[in-house]
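Colleague: I have not seen this one before. Can you walk me through it?

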Amino acid sequence: MSTPSRSLRSYDKKSYDAFYRTRVGLAPGPVFAVLGILSGLYFLITGTVWAVTGEFTRLGGHVVEAFGADIKGWKYYAEVTKMQGNPLERTDGWIVIAMLIGSLIAALAAGDFRWRIPPLKRRWAQALVGGIVAGFGARLAYGCNLAAMFTGIPQFSLHAWIFTVMTAVGTWVGVQVIKQHWWRGPTRPRPAQAKDAADADAGALRRRCIRHLVIAIGMCAVMAVVTIVYFMTGKNMLAAAVVFGLAFGILIQRGQICFTAAFRDLWVTKKTKLADSLIIGLAAAVIVTFFVLLGTGMEPLTKPAGWGTVIGGFLFGLGIIMAGACETGMMYRAMEGQLVAWVAFAGNVIGATVLAYGWDHWGVYDTLVANSWKLNFYESFGPWPALALTLALLVGWWLLQAPRRGDRRARLESQYSRSA
């Protein structure tokens with residue numbers, strides 16, 4: 001009995017698989033929990049949810065308008081994601097802007113910013129195509145990993161659960177695709193000495209870190225001024241969006257929060273660390289949102305659940321694997337200097353805009369959405385039964401991952417025993 005005990009102690013000491021541990025940055029479990037709490041508070045203050053792809057769709061609308069297109073007749077912009085003002089005049093606009101700036105501030109302050117180019121040219125095309133597929137799927141399902149999952153589940157909307165299941169299926173299929181040689185391309189080992197010249201020079205590295213820290217401090221000061229100005233001019237919702245957006249951006253970068261990795265790890269390495277962390281974050285968001293709804297009498301947000309949700313969730317899961325990142329992962333990686341993430345971002349905007357065009361021009365709404373079912377647990381079953389059901393589903397999700405969690409733990413314990 002002593003050997004397994006030593007193995008277990010060795011595993012607990014050395015493994016970083018636990019959601020409360022990390023090699024770099026902040027542990028994802030606590031970060032996801034804080035994000036869940038903040039998303040609930042953001043809903044309390046603004047009456048809307050933490051989301052980004054709706055604003056990506058508006059950005060696409062601004063771009064096509066700049067090229068002379070008349071989008072006033074597009075049903076999607078008239079009824080689903082309305083074009084009102086510019087990004088600086090919208091809370092969703094500031095959420096995206098502040099998330100990007102917050103991620104950049106965190107990356108600069110932590111020394112994580114460095115311009116990076118993928119070693120294979122095909123990665124550019126893969127990121128673009130994956131971004132297009134993910135963007136199209138996200139808007140077809142009324143939201144991405146944030147609006148249709150991380151804040152959709154706490155809103156007790158049935159569509160969020162359908163989206164989550166289909167995203168998991170889509171990511172599994174995506175993993176089978178990226179495993180293929182024609183997708184992966186040749187493997188080119190990079191010699192250890194092929195590093196950035198500045199990294200080899202301690203003095204240059206130190207100066208670069210100081211420079212980045214100064215820039216980060218300057219950006220914090222600018223954003224503080226923006227927030228104060230909005231408060232002083234009575235634009236409290238915009239000020240709140242700036243503050244929450246910065247917090248979201250900083251946290252996703254320091255916690256390396258990527259929903260793509262959470263699902264991909266389940267299929268590739270059987271690692272449940274990020275998926276476990278996601279469940280913890282969802283539980284926190286569910287509880288906070290529940291008491292917000294109960295205490296304020298606000299109505300939960302409910303989206304259509306139908307074939308659009310099924311197909312959209314699948315396409316989103318497939319697309320984020322192809323692109324290599326979901327919306328949150330794409331945003332913080334772009335701010336870390338990963339240029340291919342910007343291509344994925346552009347693809348996401350393109351895909352969302354194509355969906356907006358096809359909503360009525362191609363009959364997407366009439367075919368896949370018009371007859372969808374709107375069901376909200378909170379409104380249909382009552383507050384407390386809805387809370388119990390949602391938490392039970394999260395517990396069930398946690399238990400479903402137990403075999404993979406156990407298999408990986410056994411493998412690592414065996415490795416540690418052999419190396420001891």
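**Cores, helices and loops**

Modeller: This is a predicted model. The largest nonpolar core has 95 residues, and those with the most contacts inside it are Leu35, Trp50, Val52, Ile95, Phe150, Phe259 and Leu278.

Colleague: Which helix gives the largest share of this core?

Modeller: Helix α5, residues 91-110, with eleven residues.

Colleague: And what does Leu278 touch?

Modeller: Leaving out residues up to four places away in sequence, Leu278 touches Phe32, Met149, Phe150, Phe259, Phe263 and Trp397. Apart from this core lies another, of eleven residues, including Tyr77, Leu140, Ala356 and Val369.

Colleague: Back to α5. How many of its residues are buried?

Modeller: 16 of the 20 residues of α5 are buried, so the helix is mostly covered.

Colleague: What span should α5 have, and what does the model give?

Modeller: At 1.5 Å a residue, the 20 residues of α5 should span 28 Å. The end C-alpha atoms of α5 are 28 Å apart, which agrees.

Colleague: What follows α5?

Modeller: Gly111, with a positive phi near 75°.

Colleague: Which residues other than glycine have a positive phi?

Modeller: Gln256 is one of them, with phi near 50°. Lys270 is another, with phi near 60°. Most residues other than glycine have a negative phi.

Colleague: Where do those two lie?

Modeller: In loops. Gln256 is in the loop between α12 (236-254) and α13 (259-268), and Lys270 is in the loop between α13 and α14 (273-296).

Colleague: New topic. Is Gly130 buried or exposed?

Modeller: Gly130 is buried, at 0% relative accessibility. Its place is in helix α6, residues 122-140.

Colleague: What is Gly130 in contact with?

Modeller: Gly319, Met322 and Ala323, leaving aside neighbours of Gly130 within four places in sequence. Gly130 and Ala346 are 10 Å apart in space, C-alpha to C-alpha, and 216 residues apart in sequence.

Colleague: Now the surface. Which residues make the nonpolar patch?

Modeller: Ile37, Leu41, Leu44, Ile45 and Met237 make a nonpolar surface patch of about 380 Å². Helix α2, residues 28-46, gives the most to the patch, with four residues.

Colleague: How exposed is Ile45?

Modeller: Ile45 is in helix α2 and has 42% relative accessibility, so it counts as partly exposed.

Conventions
Residues numbered from 1 in each chain as written. Predicted model: local features only at pLDDT ≥ 70, side-chain atom pairs only at ≥ 80, totals over all residues. Heavy atoms only, no water. Patch = residues over 30% accessible without salt bridge, like charges linked within 9 Å, V, L, I, M, F, W, Y side chains within 5 Å. Areas by Shrake-Rupley, 256 points an atom, 1.4 Å probe, with all protein chains shown as cover. Salt bridge = Lys/Arg side-chain N within 4 Å of Asp/Glu carboxyl O. Buried < 20%, exposed > 50% of the residue type's maximum accessible area, 1.4 Å probe, protein only. Core = buried A, V, L, I, M, F, W, Y, C linked by side-chain atoms within 4.5 Å. Contact = heavy atoms within 4.5 Å. Expected span 1.5 Å × (residues − 1).
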